[in-house]
Amino acid sequence: MKGRILQGIGSFYTVESEGQLYVCRARGRFRKQRISPMVGDEVLFAPPGPAEEEGFLEEILPRSSELLRPPVANVDLLFVTVAAAAPQPDLLLADRLLLRARKAGIETALVINKTDLALDTACDIARQYRGARCPVLLTNAGTGEGVPELMALAAGRIVAFAGQSAVGKSSLMNVLCPGLGQQTGSVSRIERGRHTTRKAQLVPLEAGGYLADTPGFSLLELDAEDPANLRAFYPEFEPYEGLCRFDGCCHLSEPGCAVKDAAQRGEIAPERLERYAALFAEVKEKWDRRYS
């Protein structure tokens with residue numbers, strides 16, 4: 001049978017297939033092959049027999065994306081969430097999350113929550129991401145502003161939220177999936193002791209798809225790689241590629257840079273370019289120190 005892993009505790013996995021839940025264990029060959037099943041994996045499995053409590057995972061199907069902390073496979077869309085106020089929006093963190101998600105092959109949307117506290121700030125943040133090719137949603141979990149758009153983007157996909165603490169991710173998740181606490185408690189049929197560490201799990205959405213209920217994504221550290229690759233993940237730079245005076249322009253301090261000129265004309269948000277320079281410097285430092 002074909003199914004999807006909704007939760008894993010120890011060596012036991014809750015698999016959903018055609019609306020039914022099955023508890024399965026991974027075959028020993030996965031350990032020998034150093035393959036670990038992940039929440040979100042599509043799998044082929046053998047269901048439990050008449051006198052058996054558990055079935056067996058037989059094969060893990062190819063993944064479209066993979067996040068490691070916490071481990072979740074096949075996430076389609078990451079809602080990068082900031083608050084218009086309380087706390088002050090950390091847009092460098094937002095850019096970091098957008099960058100990591102795009103590198104992982106995951107679509108992104110920017111969610112600006114708590115718009116009632118600072119609508120002008122919310123609109124200014126939205127301006128900065130014009131041209132970044134990610135939907136920007138202005139939301140308020142209390143009033144329902146932006147919730148229909150949020151639901152429409154999530155329908156039929158595996159979605160997750162990431163962002164600062166206290167920006168309202170949990171409130172938005174509960175709006176997207178009413179009764180989330182009760183649903184997550186009923187997803188798993190696995191009970192192994194009274195105390196278990198909360199890990200990622202998928203909760204089915206009424207409109208189809210799943211919400212990744214996670215303790216938080218650790219997407220903050222950027223990898224050591226050639227910093228010249230960074231510009232490829234900024235869609236607003238693309239119209240100006242090839243127009244700079246120098247080939248391989250990194251859009252920093254080079255003269256005749258078409259991207260910097262565009263920022264001065266307001267075609268690219270100058271704030272976004274400044275944060276790009278900060279992330280470039282971080283990646284370059286790691287790249288320069290990769291052998292030390």
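How many salt bridges does the structure contain? In this predicted model, the count comes to 18 salt bridges. Side chains of opposite charge can pair when their charged atoms come close.

Arginine 127 takes part in a salt bridge with aspartate 124, with a nitrogen-to-oxygen distance of 2.9 Å. Both residues belong to helix 3, which spans residues 119-128. Their separation of three residues corresponds to about one turn of the helix. Aspartate 124 has a relative accessible area of 33% and is therefore partly exposed. Arginine 127 is likewise classed as partly exposed, because its relative accessibility is 29%.

Arginine 127 also forms a salt bridge with glutamate 271, and here the closest N and O atoms lie 2.7 Å apart. This pair joins distant parts of the chain, since arginine 127 is in helix 3 whereas glutamate 271 is in helix 8 (residues 270-288). The two residues are 144 residues apart. Glutamate 271 has a relative accessibility of 24% and so counts as partly exposed.

A further salt bridge connects glutamate 236 with arginine 272, the closest N and O atoms being 2.5 Å apart. Distant parts of the chain are again linked: glutamate 236 is located in the loop between strand 13 and helix 7 (258-264), and arginine 272 is in helix 8. Glutamate 236 is buried, because its relative accessibility is 6%, a value under the 20% limit. Arginine 272 is buried as well, with a relative accessibility of 1%. Glutamate 236 and arginine 272 belong to a network of salt bridges that also includes Asp95 and Arg275.

Attention now turns to glycine 209. This residue lies in strand 13, which comprises residues 209-213. Its relative accessibility is 19%, so glycine 209 counts as buried, the limit for that class being under 20%. When residues up to four places away in sequence are not counted, glycine 209 touches Gly156, Arg157, Val203 and Pro204. Glycine 209 and aspartate 76 are 133 residues apart in sequence, while their C-alpha atoms are 9.8 Å apart in space.

Definitions and conventions
Residues are numbered from 1 along each chain as its sequence is written. This is a predicted model: local features need pLDDT of at least 70, side-chain atom pairs count only at pLDDT 80 or more; totals for chains, interfaces and linings use all residues. Side-chain values use heavy atoms; hydrogens and water are left out. Helices (H or I, at least four residues) and strands (E, at least two) are DSSP runs, numbered from the N terminus. Buried means under 20% relative accessible area, exposed over 50%, partly exposed in between (1.4 Å probe, protein chains only). Contact means heavy atoms within 4.5 Å. A salt bridge is a side-chain nitrogen of Lys or Arg within 4 Å of a carboxyl oxygen of Asp or Glu.
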